[in-house]
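Here is a short report on side-chain contacts and strand pairing. Please keep the sequence and the 3D view open while reading.

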There are 2 protein chains.
Amino acid sequence: MFPALVTLLVWQPPTLAAQQPSPAAARTAAEVIDSASEAEWRNLDPENTIHISLPQGRVIIELAPRVAPRHVANVRALVRSGYFDSGAIIRSQDNYVVQWAVRPLAEEDTLPEHISQSLDAEFTVDGRGFPFVPAPDGDVYSPEAGFVDGFPAGRDPATGQTWMAHCYGVVGTARGVDPASGSGASLYVVIGQAPRHLDRNLSMVGRVVEGMGLLSVLPRGTGRLGFYESEDSWAVFDSVRMGSDLAPEERAALQIMRTDSPSFRDLMTAARSRHEDFFVHPADRIGLCNIRVPTRIAPSD
Amino acid sequence: MFPALVTLLVWQPPTLAAQQPSPAAARTAAEVIDSASEAEWRNLDPENTIHISLPQGRVIIELAPRVAPRHVANVRALVRSGYFDSGAIIRSQDNYVVQWAVRPLAEEDTLPEHISQSLDAEFTVDGRGFPFVPAPDGDVYSPEAGFVDGFPAGRDPATGQTWMAHCYGVVGTARGVDPASGSGASLYVVIGQAPRHLDRNLSMVGRVVEGMGLLSVLPRGTGRLGFYESEDSWAVFDSVRMGSDLAPEERAALQIMRTDSPSFRDLMTAARSRHEDFFVHPADRIGLCNIRVPTRIAPSD
């Protein structure tokens with residue numbers, strides 16, 4: 001019963017860094033980021049960007065349409081319908097997740113009529129056509145670990161099945177016990193040590209690219225699983241909008257480093273072997289969820 | 001330059017769970033914890049327990065004297081001298097650490113005369129005599145990963161050198177670039193994804209066993225590295241005491257599950273293969289920092 005995927009633990013050659021030593025080995029992560037070319041950055045696509053306004057500030061989510069196309073489409077339609085404008089963070093569980101919804105989960109969801117009330121699961125997807133950029137040092141949880149379109153991901157090389165990994169900041173679709181019970185009407189964000197046991201058990205729709213520091217400090221709920229026991233504790237949204245429904249000057253002017261770029265490969269190399277004076281023992285290793293995908297303010301024209 | 005510890009990635013037999021299937025395989029983690037015998041729990045030793053009182057509540061730290069004996073002794077002496085009573089959380093960096101000290105770090109430390117102002121590093125320790133309980137599925141960062149005295153740890157089997165792993169909630173000694181510049185006068189707690197690149201670079205003194213939910217929600221500092229830019233933002237301690245200096249009825253009546261007990265082994269097995277109906281794809285894997293050491297209120301006599 002145990003080793004269903006025994007290949008998970010097999011030694012993986014350190015494909016990136018060790019086989020391709022480069023000048024990046026002696027550069028810091030900051031130096032690699034600063035010297036990345038313009039072509040190695042991409043603008044957020046407003047059609048895949050959600051803006052959440054909270055009294056404390058804004059949270060920006062990038063959607064992952066190739067990872068879970070049906071769920072992303074439903075979330076986009078929900079945002080566009082104004083559905084989440086009466087939403088709130090209703091759960092904050094320490095070292096785990098915050099979660100939002102429009103109404104208490106005990107009440108039956110009543111989504112706008114033109115929107116799917118539940119969706120077949122998209123826990124994994126056929127990723128054989130995706131550019132998959134491997135993390136350099138393997139993974140405890142996945143036979144292959146790396147990045148797809150800027151999102152941390154696991155992959156089974158035998159089948160090409162691919163899934164988003166539950167790293168800090170990723171956004172998933174809450175559901176009940178029925179795998180097809182999620183709709184996107186309630187979403188959660190990882191705020192602690194990556195709960196990788198959730199991988200391949202939930203349909204993942206994106207990643208927070210700005211504002212994690214607002215979500216992660218919400219007081220922990222005192223109810224079961226960190227749900228707030230009173231609506232007085234909810235962090236209520238002011239508004240939730242698709243970037244493409246905002247005026248251009250209101251959109252988040254963020255760029256994400258392309259994870260299939262040479263600079264991102266060099267960044268992983270620099271991050272695994274820190275050469276700053278502080279480090280007596282550089283790890284010479286890095287875990288998937290310790291690799292941060294850089295974000296920056298788009299340079300003005 | 002890269003694979004200084006190439007054995008880190010070598011396949012490790014799943015020693016615990018797969019080779020010793022037990023009835024625990026079909027039990028949930030909660031069931032394993034509930035059925036642990038009294039002998040599988042231990043009381044916190046008041047001489048190794050720090051009580052921090054904050055306006056928001058209390059934080060309880062268990063010290064790890066075998067991991068860093070000099071640093072633990074210095075921290076104990078600092079607490080006992082009342083040094084930390086005018087301390088405060090001065091840093092909160094998202095997905096990384098909170099840190100405390102008595103005064104701004106820019107000022108020179110002036111510790112009580114009888115206390116060491118700085119200590120030789122204790123980044124690793126000879127752990128050949130320690131009971132080392134391996135985690136079942138290996139680790140990206142350490143050749144061996146597991147638990148010593150209830151603390152997450154890495155170990156080099158070739159030398160027996162052992163170190164505390166930077167998992168959520170562990171407490172380390174802040175220092176400057178000089179490895180011998182730490183005294184215990186400033187300590188930090190991991191509040192996000194385990195920053196394992198810090199392993200073997202800092203002297204680790206313990207682990208928070210109660211109150212992480214208070215520390216992890218402190219507003220993030222807006223200065224460099226998450227330091228607060230104004231002392232108005234500091235979370236000031238009401239008091240910091242050794243458990244042994246409190247009246248018995250004021251001490252935290254907590255018990256920790258022994259990590260060298262059969263129930264802890266069964267707990268790791270249950271946590272890696274979740275059989276609750278929710279899980280469509282049990283991970284059948286678990287990472288070191290995803291293994292939680294249970295704490296409970298001591299049963300009354």
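## Strand β10 of chain B

Val125(B) has Thr162(B) as its bridge partner in β10(B). This is a predicted model. Val125(B)'s partner belongs to a strand pairing made by two bridges, between strand β6 (residues 125-126) of chain B and strand β10 (residues 161-164) of chain B. The two strands run antiparallel.

β10(B) also pairs with strand β9 (residues 151-155) of chain B. Three bridges join them, again in antiparallel fashion. Here Gly154(B) has Trp163(B) as its bridge partner in β10(B). β9(B) and β10(B) form a hairpin, with five residues between them. In the turn, Gly160(B) has a positive phi of about 80 degrees.

## Helix α4 of chain B

How many of the 11 residues of α4(B) are buried? Eight are, so the helix is largely enclosed by the rest of the structure. The buried residues are Ser263(B), Phe264(B), Asp266(B), Leu267(B), Met268(B), Thr269(B), Ala270(B) and Arg272(B). Their cover includes α1 (29-34), β7 (133-134), β8 and β16 (254-257) of chain B.

Arg272(B) takes part in a salt bridge with Asp137(B), the closest N and O atoms being 2.7 Å apart. Asp137(B) lies in the loop between β7 and β8 of chain B and Arg272(B) in helix α4 of chain B, so the pair ties together parts that are 135 residues apart in sequence. Both ends count as buried: Asp137(B) at 1% relative accessibility, Arg272(B) at 2%.

## Aromatic pairs

Over all chains, the structure holds eight aromatic pairs. One of them joins Tyr83(B) and Phe84(B), with ring centres 5.3 Å apart. Their planes stand at 75 degrees, so the pair is edge-to-face. Tyr83(B) is buried at 8% relative accessibility. Phe84(B) is buried at 2%.

Phe147(B) and Phe264(B) form another pair, with centres 5.1 Å apart. Their planes lie at 80 degrees, which is over the 60 needed, so this pair is edge-to-face. It links distant parts of the chain, 117 residues apart: Phe147(B) sits in strand β8 (residues 144-148) of chain B, and Phe264(B) in helix α4 (residues 262-272) of chain B. Phe147(B) is buried at 1% relative accessibility. Phe264(B) is buried at 0%.

## Charges over rings

Which ring does the charged end of Arg200(A) sit over? The ring is that of Trp163(A), and the charged end is 5.3 Å from its centre. In chain B, the charged end of Arg155(B) sits over the ring of Phe132(B), 4.3 Å from the centre.

## Disulfides

A search of the whole structure finds two disulfides over all chains. Cys167(A) and Cys289(A) form one, with sulfur atoms 1.9 Å apart. The torsion about their S-S bond is about -70 degrees, so the disulfide is left-handed. Cys167(A) lies in the loop between β10 (161-164) and β11 (170-173) of chain A, and Cys289(A) in the loop between α4 (262-272) and β17 (295-297) of chain A, so the pair ties together parts that are 122 residues apart in sequence. Cys167(A) and Cys289(A) are buried.

The other disulfide joins Cys167(B) to Cys289(B), S to S 2.0 Å. Its torsion is about -70 degrees, so this disulfide is left-handed. Cys167(B) is buried, with a relative accessible area of 4%. Cys289(B) is buried as well, at 12%.

## Salt bridges in chain A

The count comes to 36 salt bridges over all chains. One of them joins Asp266(A) to Arg27(A), with the closest N and O atoms 3.7 Å apart. These residues are 239 apart in the chain: Asp266(A) is in helix α4 of chain A, Arg27(A) in the segment before α1 (29-34) of chain A. Asp266(A) is buried, with a relative accessible area of 10%. Arg27(A) is partly exposed, at 22%.

Arg80(A) and Glu47(A) also meet in a salt bridge, 3.1 Å from N to O. Arg80(A) lies in helix α2 (residues 69-80) of chain A, and Glu47(A) in the loop between β1 (41-43) and β2 (49-54) of chain A, 33 residues apart. Arg80(A) is partly exposed at 38% relative accessibility. Glu47(A) is partly exposed at 30%. A network of salt bridges links Glu47(A), Arg76(A), Arg80(A) and Asp245(A).

Key:
Residues numbered from 1 in each chain as written. Chains lettered and ligands numbered in written order. Predicted model: local features only at pLDDT ≥ 70, side-chain atom pairs only at ≥ 80, totals over all residues. Heavy atoms only, no water. Phe/Tyr/Trp six-rings, centres within 6.5 Å; stacked < 30°, edge-to-face > 60°. Buried < 20%, exposed > 50% of the residue type's maximum accessible area, 1.4 Å probe, protein only. Helix = DSSP H or I, 4+ residues; strand = E, 2+ residues; numbered from the N terminus. Lys NZ or Arg CZ within 6 Å of the ring centre and 35° of its normal. Pairing = 2+ DSSP bridges. Disulfide = S-S within 2.5 Å. Contact = heavy atoms within 4.5 Å. Salt bridge = Lys/Arg side-chain N within 4 Å of Asp/Glu carboxyl O.
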